[in-house]
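Please keep the sequence and the model in view while reading.

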Amino acid sequence: MNLKLIIYNSALLTMIYDLIIIGAGPAGITASVYAARLGLKFLVITKDIGGQAAASGDVENYTGYQFITGPELAAKFEEHLRKFSIELRENEAVIDIKKDDGGIISVKSEKNNYFARAAIVASGKRSRMLNVPGEIEFKNRGLTYCAICDGPLFKGKDVAVIGGGNSALDAVLQLIRIAKRIYIVNIASDFTADKTMLEEVKIAKNVTALHNAKVSAIIGDKFVKAIKLDIQGIDKEISVEGVFVEIGLIPNSEFAPIVARNKHNEIKIDSYNRSDAAGIFAAGDVTDVAEKQIIIAAGEGAKAALSVFKYLAQPGKLTNSGAVRYS
Amino acid sequence: MAKSVKIYSTLTCPHCIRAKQFLKENNIQFEDYDVSLDQSRAQEMINKSGQMGVPVLDIEGEVIVGFDKDRIKRVLGI
């Protein structure tokens, strides 16, 4: 008996789920609610509950709620999720996903190996890092990726916001009434944020915009004291006590090299949420779906679960795209 | 006897809101310090935790940075 067979047999002895859902943001939670209602035997593995929605500010575009905060909406999602008795592995990160010759999908986390006939990757996105010296050292020691969380701690202080898009300008707008002086460090020659935000920022008296500016290091002792910049070849140092990094998001798809991804590392999916590997589906911000919104991620999670249900019933049929009829 | 629980938070911080919700759901009484309004409490939090991120929980002297649900449960014995 070869080793592979032994491993496979022990997998059979442990448990093969119908479905493993990776992530519990809006997409993963909605997929779970659908999977529970469809009676699937499934497992949810996730680092946290609520995903980016839980760290969002005010939400005014989730139908049914004219106004709700991100954490409140995430709490509603969690409540809905926990209404069903589901198997949930919280605070657990997935590090690999594979398929064996028999088509069984194995999901490896930091803690365990799990097996299933199908998987939905709904692991979302995370903040992009600057990758400069001092960034890791000073994280939460003046450097933060969450302006809405930590902004108020910088009352009366000089701060820098790194970025030039909507999330950066959103951070600036939150800080205008809190910080003493705000430097916007933008790597491009102009902002890419929405006009309305730019107009608000322009009239603020305590904001200085630095374009064509690249952060080269974060410096300090116990806490941040300054940032080093490279502005078109000229080195400049600015004294700040706070650094807000808002340079966009990257998909949490590193653990899934088995599926095709686009140049942004988003998992490529079709209109049934299928990746190019049969049995592996994906939903929400980790995918190449056109827009990244809470309501879209939730809808995508529902679609993915329904597709999985049909795939499990007739795997052969669903892999034949175009031949499948969805009710 | 109930353990003394302090939470250093800001009104806008999502993880603070979730942490407080969690404590309430488990009927844990706590003192809430809004560090965006109270500079001396903000400094106290920074001294205790050696960092500036919120929330920070102080449960009978054990300092927990962030909404680390498992650790909070363990320290509170719930």
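What percentage of the 327 residues of chain A count as buried? In this predicted model, 43% of the residues of chain A fall into the buried class. The C-alpha atoms of the chain occupy a box of roughly 65 × 50 × 35 Å, taken along the principal axes. Its secondary structure consists of 8 helices and 19 strands. Among the contacts in chain A with a separation of 6 or more, 61% come from residues 24 or more positions apart.

Chain A is divided into two domains: domain 1 takes in residues 3–127 + 249–319, and domain 2 covers residues 143–245. Between the C-alpha centres of domain 1 and domain 2 of chain A there is a distance of 35 Å.

Two sheets of chain A may be considered in turn. One is an open sheet of 5 strands with parallel pairing, in the order E10-E17-E11-E12-E13. Strand E10 (143–144) and strand E13 (207–210) of chain A each have a single partner strand, so each is left with one side that has no neighbour in the sheet. Within this sheet of chain A, strand E11 (residues 158–162) and strand E12 (residues 181–185) run parallel and are joined by 5 bridges. Opposite A:Ala160 stands A:Tyr183, which belongs to E12(A). Helix H5 (residues 166–175) of chain A lies across E11, E12, E13 and strand E17 (242–245) of chain A, and runs at about 160 degrees to E11(A).

The other is an open sheet of 3 strands in chain A, with antiparallel pairing and the order E14-E15-E16. At its edges are strand E14 (213–220) and strand E16 (234–239) of chain A, each of which pairs on one side only. From one strand to the next, the twist averages 25 degrees. Strand E15 (residues 224–231) of chain A is connected to E16(A) by 6 bridges, and these strands run antiparallel. A:Leu229 has A:Lys236, in E16(A), as its bridge partner.

Attention now turns to a helix. Helix H3 (residues 70–82) of chain A contains A:Glu79. The helix H3(A) has 13 residues and reaches 18 Å from its first C-alpha to its last, close to the 18 Å expected at 1.5 Å a residue. Is A:Glu79 buried or exposed? A:Glu79 is exposed, because 9 other C-beta atoms lie within 10 Å, and a residue counts as exposed if that number is 12 or fewer. The C-alpha atom of A:Glu79 is separated by 15 Å from that of A:Glu90, which lies 11 residues apart from A:Glu79 along the chain.

Which residues of H3(A) are buried? They are A:Gly70, A:Pro71, A:Leu73, A:Ala74, A:Ala75, A:Phe77 and A:Leu81. In chain A, the buried residues of H3(A) pack against helix H2 (26–37), strand E3 (58–59), strand E4 (68–69) and helix H7 (294–313), and they also pack against H1 of chain B.

That last partner leads to the contact between the chains. Chain A contributes 17 residues to the contact and chain B contributes 16 residues. On the side of chain B that touches chain A, the largest share comes from helix H1 (residues 14–25) of chain B, with 5 residues. By class, this side of chain B comprises 7 nonpolar, 7 polar and 2 charged residues.

Terms used:
Residues numbered from 1 in each chain as written. Chains lettered and ligands numbered in written order. Predicted model: local features only at pLDDT ≥ 70, side-chain atom pairs only at ≥ 80, totals over all residues. Contact = placed C-beta atoms within 7 Å. Helix = DSSP H or I, 4+ residues; strand = E, 2+ residues; numbered from the N terminus. Nonpolar A, V, L, I, M, F, W, Y, C, P; charged D, E, K, R; others polar. Pairing = 2+ DSSP bridges. Axes fitted to C-alpha atoms, helices over the stretch in contact; angles between N-to-C directions. Domains from an automatic or database assignment. Buried ≥ 20, exposed ≤ 12 C-beta atoms within 10 Å, placed from the backbone. Expected span 1.5 Å × (residues − 1).
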